[in-house]
Amino acid sequence: MSGKDIKKQGENKNELVKEAKQAKSIETKKADDKVEEKDKVEKETEKKKKAKKKRGIFGKYKKEKKKEKKKGEEEEEEKERVVYLEIQPEYEIVDEYWIQEPFAKVKIAKLPELGGQKVYFVEEAQLTPSEKKAVDKLIDILSVELNPPEGFEEDIRKHVIDEARRLAEKYKKAIKGVTEENWDKILYYIERDLLGYGPIDVMMRDFRLEDISCDGVNRAIHVWHREHESIPTNVIFVDKEYLREFIIKLAHMAGKHISAAFPIVDAMLPGRHRLAATYGEEVSPRGSTFTIRKFREKPLSIINLLESGNLDEWTAAYLWFMLENRVTLMVIGATAAGKTTLLNSLTSFFKPGFKVVTIEETPELNLPHENWVQLVSRESYGLGEAKVGEITLFDLVKVSLRYRPDYIIVGEIRGEEAFVLFQAMSTGHGGMSTMHADSLDRAVKRLVSPPMNVSPAYIPSLNIVVLTERTILPTGEFSRRIRRIWEIEDYGRYREIVRWNPTTDKHEIINDSYLIPRLAEFQGKAPEDVLEEIRRRQVVLTWMKFTEIRDMKDVSKIILEYYVSSQEVYLRAVQDLERLGVKVEKIGPRVVAVAQASPRSSRESQVFIRESTKPVVRHVVEKPVEEKPVKIVSEEPKVEEEVKGPSLQDKILVTLLKLGGESDYVSLINLLNVRKNEFSSVVRDLIRAKMIVPVITYVENRPTLGYKLTAEGDRRARELSK
Ligand SMILES: Nc1ncnc2c1ncn2[C@@H]1O[C@H](COP(=O)(O)OP(=O)(O)O)[C@@H](O)[C@H]1O
Ligand SMILES: [Mg+2]
């Protein structure tokens, strides 16, 4: 992702600056406000004050303090790292909900001083200074004394909690302020900071948020809320250094590395959230930035999209027919326009027998399909010129042809992989992809220029282009809409079929299809038959919408049933709809103005849709066809040669060095081929000798326990491997 993409859509920049200033000014106003607060007996503040009195749950300001020990000095300097603005009595609260009762709550409030602008407030249980100390201390101790769990399968979260309790008990004397009453609150923070996302943990756990972004220090973190859209939050990173550390941690959680030398990261966080980040001032003058696009557990189905009006039933049925016939398609639009989501939902239209290969940099697609090979590109491990172990999208598209796919799906095309994809499409493979472009012209221009370099002659091997947008509806709300759909006749000749009408919020058919007569011909049917087939599918989709069959799995099941016995499913749909009082005879295309059709022969048509015919040109097919999804994810580099050094201690150090200084314990045990007991005791010795430290590390995006070389351990390991 380019630096430009990472920058949040540029809204509210001024507000951000204003807020940051307010952060300071409100702070000075703090004392006065306290007096004022008493007068205003709003329910909300009253409740809050009670809580505050009782347990000190919500404090006025919560600041994360950093202790900085200066050399030779005993005294500790406290520095603000993150500021949480507090709700003022005059704010109007429009929404509130718990994220974790009773420790974390979200409130959405309108701020009069920002002209009624909504702000997302994170409110967490407040720690007293001694509790805060206890949390910090426990986290420190945990990162030195965390023992490996007993079994391999143990839940890391439970393990950390158990260990925290054990260590709190063990160091009872040194850690003050821990009681039975506040233990849960202390655990909340330990989990939040050690296993979770620290200051943005609440936002990460709020499923209503679509993305979270930080544009640098002293600016409010912004979120995209499903109900309240793009709004600033009350959370502000105020320490450059801490923000930098935080971004290193994020990158680390995604299994990536970020530094001055590699200042940009685009990766997948645990839970499949997509992270884009920049480090320091290298590429982002205002300091480190990050954007997290949150993953939906349940992918949006085509019915979900119909329900929110992203497209209409006829358009969906039209696309269904097209995809059944292995038509090639590309979704274009701006960042977060919903391209990937749309692409993913369309895959449920595939015929059950289709073989599908997906190719992505960060695995976002989540297909309902059985016959799915998922390929994920891999970055190089090496530094500098030598790109050791790198596997690019380009490589993967080439490889994918060996699977003889009915559809090759490239998650997002950006570079030379476009060229191979178009080659594949022009030889009869089905292809789908998304591309960042806000118009068809620009999309084509990008395609035919470097680095994509698709020859204009290949452009018509792309059959359909769909433009999707995040747009304003007649009601004034924001939503996503398929704006336009074109069929490509030839390079420079595009026929717009569907257009969204922004005043009526309806999708309209504005031209006769170029593809339908050609597809009909291939099937030995009349175009009218195809239109009738599309209408029947429109009925089935309308029925699913009315009967709330919207889960991706359920939707795919019905589509599969339709492929098997269309008449039965259609009749069931008609009966149900009539029972529900829907006039089935009214379901049909919404045609606005159909321009002159051009019924020419299909000489220049590049559609490859033969029912049972395989692609004309096949690329080397030596391998037996893979039936099961194969996942290629970044693998740890293998330690091949026998590790030198007699003792297990040394072997662990050297292995860690080879693995880049850090590894999870399961990999270590497997690589070294040792027993777990033996391993644990040696590891403890190494920790005591300050050669390694335990860390929470991530394997395939799941947190687990790992070990990391200390500076001393690193030195020793290097010596040993000489
Ligand atoms: N039609 C939709 N309705 C609701 N949320 C959507 C819709 N389409 C996308 N989203 C959400 O918006 C975010 C961005 O969508 P995505 O498809 O990844 O965009 P793009 O690929 O265009 O960058 C995701 O969090 C996704 O869940
Ligand atoms: Mg995308």
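Tutor: Two strands pair if DSSP finds at least two bridges between them. Keep in mind that this model is predicted.

Student: What makes S7 and S8 a pair?

Tutor: Five bridges link S7 to strand S8 (residues 229–237). At least two are needed, so the two strands pair. Their sense is antiparallel. One bridge sets His225 against Glu229 in S8. A hairpin of three residues joins S7 to S8.

Student: Why is S6 also called a partner of S7?

Tutor: Again, count bridges. Strand S6 (residues 209–214) has four bridges to S7. The cut-off is at least two, so S6 and S7 pair. They run antiparallel. Ser213 stands opposite His222 in S7.

Student: What lies between S6 and S7 in their hairpin?

Tutor: Five residues. Gly216, in the turn, has a positive phi of about 135°.

Student: Why is S7 called mostly covered?

Tutor: Six of the six residues in S7 (residues 220–225) are buried. Each therefore has 20 or more other C-beta atoms within 10 Å of its own.

Student: Which residues show that both faces of S7 are covered?

Tutor: On one side, Ala220, His222 and Trp224 are buried. On the other, Ile221, Val223 and His225 are buried.

Student: What surrounds ligand 1?

Tutor: A shell of 18 residues. The closest are Glu210, Gly338, Lys339, Thr340 and Thr341. Helix H11 (residues 339–346) gives the largest share, three residues.

Student: How many residues of each class are in that shell?

Tutor: Eight are polar, six charged and four nonpolar.

Technical notes. Residues are numbered from 1 along each chain as its sequence is written. Chains are lettered from A and ligands numbered from 1 in the order in which they are written. This is a predicted model: local features need pLDDT of at least 70, side-chain atom pairs count only at pLDDT 80 or more; totals for chains, interfaces and linings use all residues. A residue is buried if 20 or more other C-beta atoms lie within 10 Å of its own, exposed if 12 or fewer, and partly exposed in between; C-beta atoms are placed from the backbone. A residue is near a molecule or strand if its C-beta atom, placed from the backbone, lies within 6 Å of it. Ala, Val, Leu, Ile, Met, Phe, Trp, Tyr, Cys and Pro count as nonpolar, Asp, Glu, Lys and Arg as charged, and the others, Gly among them, as polar.
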